[in-house]
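This report is meant for someone meeting the structure for the first time. Please look over the sequence and the model before reading on.

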Amino acid sequence: MVKSKTLSEIKCIDEMDIAGKVVFIRVDFNTPMVDGKISDDTRIRAALPTIEYAINAGAKVVLGSHFGRPKGKYDKKYSLEPVANRLSELSSCEVLLVEEPTSEAPKALLKTLRPKQILLLENLRFDPSETANGSMIPDAIKEYADIYINDAFGASHRAHSSIVAMAHEFPQRGIGFLMKKEVEMLDKVLLAPDHPFVAIIGGAKVSDKIEVIEALAKQVDVFIIGGAMAYTFLKAMGKEVGTSLVEKDKLTFAKNFLERMSTREKTVLLPVDHVVAESFNAKDSKTTEDENIPEGYMALDIGPKSVAQFGVAIREAKCVFWNGPMGVFENPLFAKGTFGIAKHVADNNEALTIVGGGDSVSAVTQAGVSDKLSHVSTGGGASLEYLEGKPLPGLLALRGKKIHQASEGQD
Ligand code: AMP
């Protein structure tokens, strides 16, 4: 694995003396929920190695996380109670949920904490100072915790209190195993991928992914472009795209990019057939014979020929990075392309296969192939920002860089 420069000045939890200490671990338990029930526990499972390590090394563990956007006050809808229950089931520990993280309660509970019991602080965003990168939460936690560990990669692109202000307050600070793996995997893709390196980029908008496309272009051998953004590229090539989504102001970028890639002898694969419908909410669809989209129709998924053609490149790859679905996979009528690509990626056992967060993660989970991939990132926004070369505030703070301003976004 490449030695990450980003992590060079940062200790991992297994390089620290944590026995007998109280360790606060910032985890990312911002898990998808439907009607108050966890619909995908990937993020909880991903945090287990660090939690179990700390417990087995004789530390007392206090966990903290945000969940959703509760607007700085208690809201049962955003309680971490379901997470506490699931964590108790998944781990070897009893999880005690602390309703008021900045009260005296955690201190009192720690005094009588038995082995194999851990504390989970209630949603840190119930306190308005969390998203303001304020000092309330760190001030309270530093009264009882000795060590700060950030294992919340998916939240580390946000300068919020438990990510940034907290790291400043703890001279003994470091990262957990999940954070380490996330950064090392993305570094591998950015700096030293094995070739052929295939990057699959999909999703809604070219504009959201331009910087990632540019960052990956240095190393990539084959770009596969699917999802709505493919239609801006096809339009730029002079193809008829019907009423498919096109970003008019990105047509010049798309044209220049395709020319640049061709000059550098890199391959760009675009869909050669499509699943089309008359509208986004249509009840039926049809598959085109070729790349032409009939007038009045919009392409909402890639077709079977595209899946097969993309599959050839994916199967020959030694490294695959994937971000963004190939179609409107939330609707079963337009999901086959995304699931077909998921299967091709999962079937390549020879390659390092990395799925970079967000919708592509739920696509590989729904396709039932996540276990067959080398790495499924827990951070959508964070993994894109990292690849774009933007320094993550959470990692900067661990390296001792002072950041006072809070981030505006809350994803
Ligand atoms: P992103 O967050 O940029 O990865 O975009 C994900 C979204 O893109 C999903 O909600 C998809 O439904 C949407 N999407 C993918 N392909 C298409 C398409 N051909 N037309 C419209 N939306 C699409």
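The model is a predicted one. The domain assignment of the protein chain gives two parts, of which domain 1 is made up of residues 11-176 together with 391-398, while domain 2 covers residues 195-350. Taken over C-alpha atoms, the centres of domain 1 and domain 2 are 38 Å apart.

**The ligand and its surroundings**

The ligand is surrounded by 16 residues, and the closest of them are Ala 204, Lys 209, Ala 299, Glu 330 and Asp 359. By kind, the residues of this shell divide into nine nonpolar, four polar and three charged.

| Residue | Part of the residue | Ligand atom | Distance |
|---|---|---|---|
| Ala 204 | polar backbone atom | oxygen | 3.0 Å |
| Lys 209 | side-chain N or O atom | oxygen | 3.0 Å |
| Ala 299 | backbone N or O atom | nitrogen | 3.1 Å |

On its own the ligand has 510 Å² of accessible area, and the protein covers 82% of this area.

**Helix H13**

Helix H13 spans residues 380-387, and because six of its eight residues are buried, the helix is largely enclosed by the rest of the structure. The buried residues of H13 are Gly 380, Ala 382, Ser 383, Leu 384, Tyr 386 and Leu 387. What do these buried residues pack against? Their partners are helix H1 (42-56), helix H6 (177-191), helix H7 (206-217), strand S16 (319-323) and helix H14 (393-398). Just after H13 comes Gly 389, which takes a positive phi of about 90°.

**His 66**

His 66 is found in the loop that runs between strand S5 (60-64) and helix H2 (81-90). Is this residue, His 66, buried or exposed? With a relative accessible area of 1%, His 66 is buried, because a residue counts as buried when this value is under 20%. The side chain of His 66 makes a polar contact with the side chain of Arg 26 at 3.0 Å, and another polar contact joins the side chain of His 66 to the side chain of Asn 30 at 3.5 Å. When residues up to four places away in sequence are not counted, His 66 touches Arg 26, Asp 28, Phe 29, Asn 30, Asn 123, Leu 124, Arg 125, Ala 155 and Asp 411.

Terms used
Residues are numbered from 1 along each chain as its sequence is written. This is a predicted model: local features need pLDDT of at least 70, side-chain atom pairs count only at pLDDT 80 or more; totals for chains, interfaces and linings use all residues. Side-chain values use heavy atoms; hydrogens and water are left out. A residue is near a molecule or strand if one of its heavy atoms lies within 4 Å of it. A polar contact is a pair of N or O atoms within 3.5 Å; within protein, one must be able to donate a hydrogen and the other to accept it, and residues adjacent in sequence count only if both atoms are side-chain atoms. Accessible areas come from the Shrake-Rupley method with a 1.4 Å probe; for residues, only the protein chains shown count as cover. Ala, Val, Leu, Ile, Met, Phe, Trp, Tyr, Cys and Pro count as nonpolar, Asp, Glu, Lys and Arg as charged, and the others, Gly among them, as polar. Domain bounds come from an automatic or database domain assignment. Buried means under 20% relative accessible area, exposed over 50%, partly exposed in between (1.4 Å probe, protein chains only). Helices (H or I, at least four residues) and strands (E, at least two) are DSSP runs, numbered from the N terminus. Contact means heavy atoms within 4.5 Å.
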